[in-house]
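Subject: Structure handover

Hello,

Here is the structure you were expecting. Please open it alongside this note.

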Amino acid sequence: MSSLFLIHLPALEIARWDLECEFNNTDHRTELNGVEQLIVRRGQPFTINLHLRSGEYQPGGSALDLTVETGPQPSDQYGTRASFGLTDQIDTSRWSAAVTSPPGYMVSLSICSPPDAPIGRWRLTLGQGGLVEFVLLYNPWCTGDVVYMDSEEKLAEYVLAQDGIIYRGSWKYLIPTPWNFGQFEDGILEACLRILEMNPKCLRNPGKDASGRKNPIYVSRVLSAMVNCNDDKGVLLGRWTDDYDGGVSPLSWKGSVEILRNWDTNACQPVRFGQCWVFAAVACSVSRALGIPCRVVTNYNSAHDTNSNLVIERYVDENGQLVQKSRDMIWNYHCWVENWMTRPDLKPGYDGWQAMDPTPQEKSEGVYCCGPIPLKAIKEGELTYKYDAPFVFAEVNADVHTFMKRKDGSTEKIISSVQVGLKISTKSVGSDRREDITHLYKYPEGSDEEREAFTKANHQNKLLQQQTNAGLLIAIKVSAEMKKGCDFDVFAVVTNNTPNGKKCRLVFGSRAVSYNGILGENCGFKDLLNVELAPGEEKRVPLRMNYSKYAENLTEDNLIRLGALLLDYGTQEAYLAVRNVVLENPEIKVRILGEPKENRKLVAEITLQNPLPVPLQNCCFTVEGSNLTGGQIITEKLNSTVEPGQDAKVKIYFTPTHSGQRKLVVDFDSNKLCHRTHPEPALHKTQ
């Protein structure tokens, strides 16, 4: 006969505890958030020291019950609640705790969460009375986490780096634009967690939403919707016109910090205004803050396909000027983000970078969001994969059909060589060089693999497209330097590859244009009714771009669209060439005076020479930098007018608060000229 005896060990009586925030946060690579609260990553142990009220801890002689909870409706079933006791060793696959100190009055307790625990705010109950609050983040350093990345160099770039570069301009003239992501600045993590808490899915079903946060696919989709405010109390309101009343131009933002703080401190009212690179940059800041490796990507000549037919239809008038007849557009460039994760919801082979777009363009499942979709799915033409593969595929692969709309209302297809999905770019790991990642989205043009991908995607227009030698060719060439404030020439180059002489009409025009393809006013125009070309002859026809003509028409993007339309009188065929040019701003020079040291004030001398033939008034420099300007924007105004050829010069004071290489983002603004620079490097390693 045997009996079972239950032995109840006495519970530890805890007088107080120490969260060891500085040690834990440093160990979990969250110390840049500060050490005032406990911020740890899932799947990795953290330490709490317990000071006992009476008695000593003896192994096997005392008990401690622990409970962790997250969200307003914690549940064991959904992984938002767990109860556990002390064990001999930590088990990193589940919530567990073990004592790591020798017997005594102080107990060092090691606690670990599973690598798939939901992220967010957690509550830890110690025994009968102690309540501890902490924040749990994704852990890309943990092999068991679905956001695991196996390169320290890449983790330093895609999780820890607080500054970066976003590419703008045009595919012929890429402009690297600096951005302060600032994900570790004071208050930013709190704002990011509030974004999760304010999303409509959380408001409708908070228990299910809290459980869903274990999955970065779910969280990425939430962020894609919440960075814009079209369906919810999201962060940014988009505006693609020149009317910025009630807010500021998207070009005025230098980083995400001010945007996220404004949203968080103003009752979640949308910040006005954003455009694609601002939406993408804020999404990148939030993703990195939560522990998801993330990068901002720019796609040049980016197609916006509104009817999912993988075709962009464009119309021009008889002068070669675009007519907005279709909602389909080609953006000069478009920015989105890529988040790194595995995709257990798809068949093997689709892990890694996932495209996610927070700019509100088209609805997905009834909400303005897009992605995440594996880059490999786009490359392979797998358009049935989640999420929003057809839209992203069209952005980089859509076919472009151009039609001429005549005065009598008839339309005629014309020959054009416009391509989409060019020079897809992101910042390189560990340097400010550009990395071209077009090959991650597309196979080489004309390859067998490309044709196979188009077959899968049912992209019949590309499959049936024939390369024809038109006989007549037209292209646009530009001058080596096109600086804002100067006059310069652009050229329509016409070539006759036929054995016969040709008589043609050439219409060569230019208009200001915004980055998303909205056309502005005329900047120069030429109409030649009798262009004669002998067999094999090439002619260069210049068009003078005068500052006096284009100055008042330019948008903030400094973009001019050139269009050359060639009409063959003999065959009645029309040929179109289109090219966007970006006017260069002058260089902003930054000189650091003194040796950089942590917590010691430094001086930056900043100068810009006025390149325009007119005086600059109301000149203002603004500076921002992670762990340099305390999360604030420093502004320095000039009281005097800066005459043509003269320097605008200021000195700005700031204090580095952490060691390591940091960069300043510098903006210049005036009545006639706005410009931003990215010093290389602005500040070397501090001591």
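Below are the conventions, then the annotated sites, then the aromatic pairs.

This is a predicted model: local features need pLDDT of at least 70, side-chain atom pairs count only at pLDDT 80 or more, and totals for chains, interfaces and linings use all residues. Residues are numbered from 1 along each chain as its sequence is written, and side-chain values use heavy atoms, with hydrogens and water left out.

**Active site annotation**

The unreviewed UniProt entry places "active site" on Cys276, His334 and Asp357. These residues span 82 positions in sequence, yet no two of their C-alpha atoms are more than 9.8 Å apart, so they gather at one spot. UniProt positions are given in the numbering used here, feature names are shortened, and annotations may be inferred rather than shown by experiment.

Cys276 is in helix α8 (residues 276–290). Helices (H or I, at least four residues) and strands (E, at least two) are DSSP runs, numbered from the N terminus. Cys276 is buried, at 0% relative accessible area. Buried means under 20%, exposed over 50%, and partly exposed in between (1.4 Å probe, protein chains only). Leaving aside neighbours within four places in sequence, Cys276 contacts Trp240, Trp331, Tyr333, His334, Cys335, Thr359 and Tyr515. Contact means heavy atoms within 4.5 Å.

Asp357 sits in the loop between β18 (352–356) and β19 (373–374). Its relative accessibility is 2%, which counts as buried. Beyond four places in sequence, Asp357 touches residues including His334, Cys335 and Glu395.

Is Asn397 buried or exposed? Asn397 is buried, with a relative accessible area of 5%. It belongs to helix α10 (residues 389–397). Glu445 is exposed, at 54%. Glu445 is in the loop between α11 (438–441) and α12 (448–456).

**Aromatic pairs**

How many aromatic pairs does a search of the whole structure find? The search finds 21. Rings of Phe, Tyr and Trp (its six-membered ring) pair if their centres lie within 6.5 Å; planes under 30 degrees apart count as stacked, over 60 as edge-to-face and the rest as tilted.

Phe84 is in strand β5 (residues 81–84), and Trp95 is in the loop between β5 and β6 (96–99), eleven residues away. Both Phe84 and Trp95 are buried.

Trp331 and Tyr515 make an edge-to-face pair, 5.5 Å centre to centre with 85 degrees between the planes. Trp331 is in strand β17 (residues 329–341) and Tyr515 is in the loop between β26 (502–513) and β27 (519–533), so the pair ties together parts 184 residues apart in sequence. Trp331 and Tyr515 are both buried.

One aromatic cluster takes in Trp240, Trp277, Phe279, Tyr300, Trp331, Tyr333 and Tyr515.

**Charges over rings**

The charged end of Arg168 sits over the ring of Trp277, 4.5 Å from its centre. The charged end of Lys376 sits over the ring of Tyr350, 5.1 Å from its centre. The test is NZ of Lys or CZ of Arg within 6 Å of the ring centre and within 35 degrees of the ring normal.

Best regards
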